[in-house]
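Thanks for coming. I will take one structure and go through a few places in it, starting with a helix and ending with the ligand.

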Amino acid sequence: MAGTVMDQISQCLDNKINFLLSGGAGSGKTYTLIQTLHHVFKNDPKARVACITYTNVAADEIKERSPYSKLTVSTIHDFLWDEIKDYQKNLKQTVLSLISAEKSDKESRLSYSSEAEINEESFSCIEYQNYRDLEHGIISHDDLLKVANHMFATYPLLSKILCDKYDYIFIDEYQDTQKPVIEIFLEHIKTPAKGSLCVGFFGDKLQSIYATGIGNIQSYIIAGDVHEIIKDDNYRCAVNVIELLNHVRSDITQRPAKKNPDGSIANKIGSAIFVYSDSDFDLRKFKTSDFVASWNFDDFRETKVLFLTHKLSAMRLGFAELLAAYKYTESLIGNEPDRLAQHLLKIGGVLFHYSKKEFSYVIDEIQRKIRTNDDKQKISSALTYFSENLDICIEELINGFDKEHLIRKDDRFNEFIEHHAETYDKIKTLPASQVLAYFKYYNDFSPYSTQHGIKGAEFDNVLVIMDNGKWNMYNFKYYFEETPGKESIIQRTKRIFYVCCSRAKDNLVVYYPKPTVQIIERAKKLFGAENVHELTTLQK
Ligand SMILES: Nc1ncnc2c1ncn2[C@@H]1O[C@H](COP(=O)(O)OP(=O)(O)OP(=O)(O)O)[C@@H](O)[C@H]1O
């Protein structure tokens, strides 16, 4: 296919060819998705289009920027639930068969360990909630994708209905979409979709930072099921940051694409520097150094500090013991926290937003339905009690939230605790205040933050602080030293490093405490020797 990116997309739309728009960070993928929507509706105002996003925040942004009545914008979970929820008989059969499959095939993930037997009579309908209670027909967030995949694979009529309903389906951030979802769109609906439905994917395989995501769809591209369109622009970053990004990845070479009215390049020159020291990192001191002299750290929209380290922040914020209780750091503060950590994050989130009087968050998150004024009062007095008594232990907090039906201990939580008694025993006696501190860290300082995820975000100045700590999934030393035999860790580390560095519009500083000589040499190759500096005593 020839022509501009929009020409190529347009040809795919006209001929109902599935396509993938691949572009590096800041290449304008979201921007192009909106343009694609405008293009579709300009040509056919009656077109039926679904746009699937990774988060509710992204869905709201797209709705605001493309207010078409025939456009459905939702997260993948809401989209799939809408497609299957009315077929309750098939849903029940699917849930029952996935539970029995789990006994022989752990992958089905609908594990059920309760004594009570489940059969067709056990529940009147299947519901989808943010927790799992299979005995009462409630499937969780994670279960939904498996259930939907199984239903589309088993009942061809569902695929036909979907293809009759939509002319175009666009999927943003496809790299983080789970395999069962990709299978629905590229395998299960393939036959009825031929010539009638076009599926368009938007994303970047190097920005896949969730292990549960598909990562890439190369096999479908090679098989001819998807046509790849590559966008090599960068509208976001300064020229020096783009140069670094081009050294980090070799599959796409970006060029500054922002233009002045006279056609000249409008991307700033900016800076991308690597700073190292022979001592541990101290943010307070570093803020006074020459490297960040012009940065305004008080404006969080302008300047962002990304910690690719954790010990330090945990100590500073007050959840050091909680972190120490975890054998594997990433299970607590990586991008996919384990079941217990997810539970603590939910509780921490409710406490945090309650203290900020952000009641709509609290209502969305808690499982107790508010029907009467009395319900409201009970919730409020329970939350006030917990907020004012953060010296109680974590076990009391968890049990209290369960008893008040705020955040229930669901099947998956109980099962997890049973299998990880050693970790839970260490954690349960710690003060509840650590749960709140942990939530604050996870949401504000971690690049994996769920609420304000940094993917898609951009800031004038970005400071990335690295340290190896106890990570197993990531290793900056291996990445910088290109250690042989550690390819998968290196690839994973490279992706998170790329995502963090590419948030900088103007200036980027990467800080590495106590590097080896080899690390400094590699930094010189990536950043350019003139951009690698030691933080001397004078600058501290
Ligand atoms: N064609 C364009 N003209 C002017 N500005 C653009 C254009 N495309 C994108 N931009 C701007 O460049 C920045 C990055 O765009 P966008 O967020 O769409 O990129 P992205 O590829 O989705 O990035 P990432 O993968 O890093 O999240 C935004 O500020 C956007 O407004």
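Buried, as I use the word here, means under 20% relative accessible area. Keep in mind that this is a predicted model.

With that cut-off, the buried residues of helix H1 are Val5, Gln8, Ile9, Ser10, Cys12 and Leu13. What do they pack against? The partners are strand S1, helix H2 (29-43), and the strands S6 (168-172), S7 (198-203) and S8 (227-231).

Just after H1 comes Lys16, with a positive phi of about 50°, although Lys16 is not a glycine. Lys16 sits in the loop that runs from H1 (5-14) to S1 (19-23). Its relative accessible area is 21%, so Lys16 counts as partly exposed. Lys514 also has a positive phi, near 50°, and is likewise a residue other than glycine. Lys514 is in the loop between S14 and helix H25 (517-527).

Next, two serines in loops. Ser140 lies between strand S5 (138-139) and helix H6 (141-154). Is Ser140 buried or exposed? Ser140 is buried, because its relative accessible area is 3%. Leaving aside neighbours within four places in sequence, Ser140 touches Tyr128, Gln129, Tyr131, Arg132 and Arg412. From Cys12, one of the buried residues of H1, Ser140 is 128 residues away in sequence and 36 Å away in space, C-alpha to C-alpha.

Apart from neighbours within four places in sequence, the contacts of Ser502 are Ala25, Arg236, Cys237 and Leu245. Arg236 will come up again at the ligand.

Tyr220 is in helix H10, residues 218-222. Tyr220 is buried, because its relative accessible area is 11%. Tyr220 and Ala238 are 18 residues apart along the chain, and their C-alpha atoms are separated by 34 Å.

Now the ligand. How many residues surround it? The number is 14, and the closest are Gly28, Lys29, Thr30, Arg236 and Glu458. By type, the shell divides into three nonpolar, seven polar and four charged residues.

A side-chain N or O atom of Lys29 is 2.7 Å from an oxygen of the ligand. For Gly26, a backbone N or O atom lies 3.0 Å from a ligand oxygen. For Tyr31, the distance is 3.1 Å, again from a backbone N or O atom to an oxygen of the ligand. On its own the ligand has 630 Å² of accessible area, and the protein covers 76% of that.

Technical notes: Residues numbered from 1 in each chain as written. Predicted model: local features only at pLDDT ≥ 70, side-chain atom pairs only at ≥ 80, totals over all residues. Heavy atoms only, no water. Near = heavy atom within 4 Å. Polar contact = N/O pair within 3.5 Å; in protein donor to acceptor, adjacent residues only side chain to side chain. Areas by Shrake-Rupley, 256 points an atom, 1.4 Å probe, with all protein chains shown as cover. Nonpolar A, V, L, I, M, F, W, Y, C, P; charged D, E, K, R; others polar. Helix = DSSP H or I, 4+ residues; strand = E, 2+ residues; numbered from the N terminus. Buried < 20%, exposed > 50% of the residue type's maximum accessible area, 1.4 Å probe, protein only. Contact = heavy atoms within 4.5 Å.
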